[in-house]
Amino acid sequence: MGSADLTCRLLGLEMKNPIVLASGIIGTSSSLFLRAAQVGVGAVTAKSCSLQPRAGHPNPVALDWGAGVINAIGLTNPGAEEEVHLLAEGRRILEPYGVPLIASIFAGTVEEFGQVAALIAQARPHLLEVNISCPNVADEFGTPFAAVCESAAAVTESVRRAVGKDLPIAVKLAPNVYNIGRIAAAVVEAGADAITAINTMPGMVIDAHARRPVLHNRTGGLSGMAIKPIALRCVAEIAHAVKVPIIGTGGVNTGEDAAEMILAGATAVGVGTAVWYRGVEALGTIAQELGAFMQAEGIRSLDEMRGQAIR
Ligand SMILES: Cc1cc2nc3c(=O)[nH]c(=O)nc-3n(C[C@H](O)[C@H](O)[C@H](O)COP(=O)(O)O)c2cc1C
């Protein structure tokens, strides 16, 4: 029997394997993009950027609490103008490796999402990820866009209007919603070409001796192994609700975890916190482990296994 075929087609993009560096992990400089490409990642996502630069939250901002990581980095980024240069350079560096570049944006209002998208489109990323887990500052309660079908759809429409038809859009959903399938259907209806799921899950870690939360921000986003079952459930629900490709993300630490994500219906697999635990090499090692798993199980291609667990 020949070796398993790991090639992955995400919208129009050809990837050598389905592993995608998740946003916010190391996607902050072109040398780190290069490092990810060199270790064999399928595609990279840059850290989310906003219209204006953001300093982020005071330390401590991240902690390994035992079953995963909690972070409240606070979306630190240099702002869209600077990001355009970083992305253009990143795209040039990734080209020889055949590794697509995914840009990521966020904003506080529907209109600002359109403005950031228009700026970032100038760098010609292969895909634009729209991080809607941030609060809607125009809403009385500052509810995240990702929590309400109407605001999630309004952001998607605004970004679609700003970038036209040429640049594909993936909308990144949050796990802490009642019915993620309905949110996915709303953004697809509004023009999303793909869904990324999930972002981190809100949580709190308390130091009993200090009698206070560990993070300066008190709460943060949980990632890593603790959220894998949540991510798998979300991906399965989205796969039932919509037909567009899903970048299944959350708690993937090994090749077998990646297989589970594809079995739940994902087309590609985001990897973030595994880089914390296993180093940048994880981005290539997880792909190799996935290939070995498929080989051992007699699975020849990703298409053959996609969604098999949820039929
Ligand atoms: C330190 C850190 C920073 C992150 N920053 C971003 C970000 O800027 N934009 C975003 O969409 N997601 C961000 N995320 C979420 C990840 O992209 C991913 O959705 C989440 O961590 C779940 O995947 P994982 O368990 O493989 O890490 C961040 C996660 C971590 C741990």
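**Ligand shell and barrel in a predicted model**

Q: Which residues are closest to the ligand, and how many surround it?
A: In this predicted model, the ligand is surrounded by 23 residues, and the closest are S23, S48, G224, G251 and T273.

Q: And how does that shell split by class?
A: The shell around the ligand is made up of 14 polar, seven nonpolar and two charged residues.

Q: What does the backbone of S23 do there, in terms of distance to the ligand?
A: A backbone N or O atom of S23 lies 2.8 Å from an oxygen atom of the ligand, and a polar backbone atom of G224 is likewise 2.8 Å from a ligand oxygen atom.

Q: What about the side chain of K172?
A: An N or O atom in the side chain of K172 is 2.8 Å from an oxygen atom of the ligand. Taken alone, the ligand exposes 610 Å², of which the protein buries 95%.

Q: Switching to the fold, which strands make up the barrel?
A: Eight strands form a closed barrel in the order β3-β4-β7-β8-β9-β10-β15-β16, with parallel pairing, and the twist from one strand to the next averages 25 degrees.

Q: How many bridges join β3 to β4?
A: Strand β3, residues 19–21, and strand β4, residues 43–45, run parallel and are joined by two bridges; V20 has A43 in β4 as its bridge partner.

Q: Which strands does helix α6 lie across?
A: Helix α6, residues 228–241, lies across β9, β10 and β15, running at about 165 degrees to β15.

Q: And α9, where does that lie?
A: Helix α9, residues 282–297, lies across β3 and β16, and runs at about 165 degrees to β3.

Key
Residues numbered from 1 in each chain as written. Predicted model: local features only at pLDDT ≥ 70, side-chain atom pairs only at ≥ 80, totals over all residues. Heavy atoms only, no water. Near = heavy atom within 4 Å. Polar contact = N/O pair within 3.5 Å; in protein donor to acceptor, adjacent residues only side chain to side chain. Areas by Shrake-Rupley, 256 points an atom, 1.4 Å probe, with all protein chains shown as cover. Nonpolar A, V, L, I, M, F, W, Y, C, P; charged D, E, K, R; others polar. Pairing = 2+ DSSP bridges. Helix = DSSP H or I, 4+ residues; strand = E, 2+ residues; numbered from the N terminus. Axes fitted to C-alpha atoms, helices over the stretch in contact; angles between N-to-C directions. Contact = heavy atoms within 4.5 Å.
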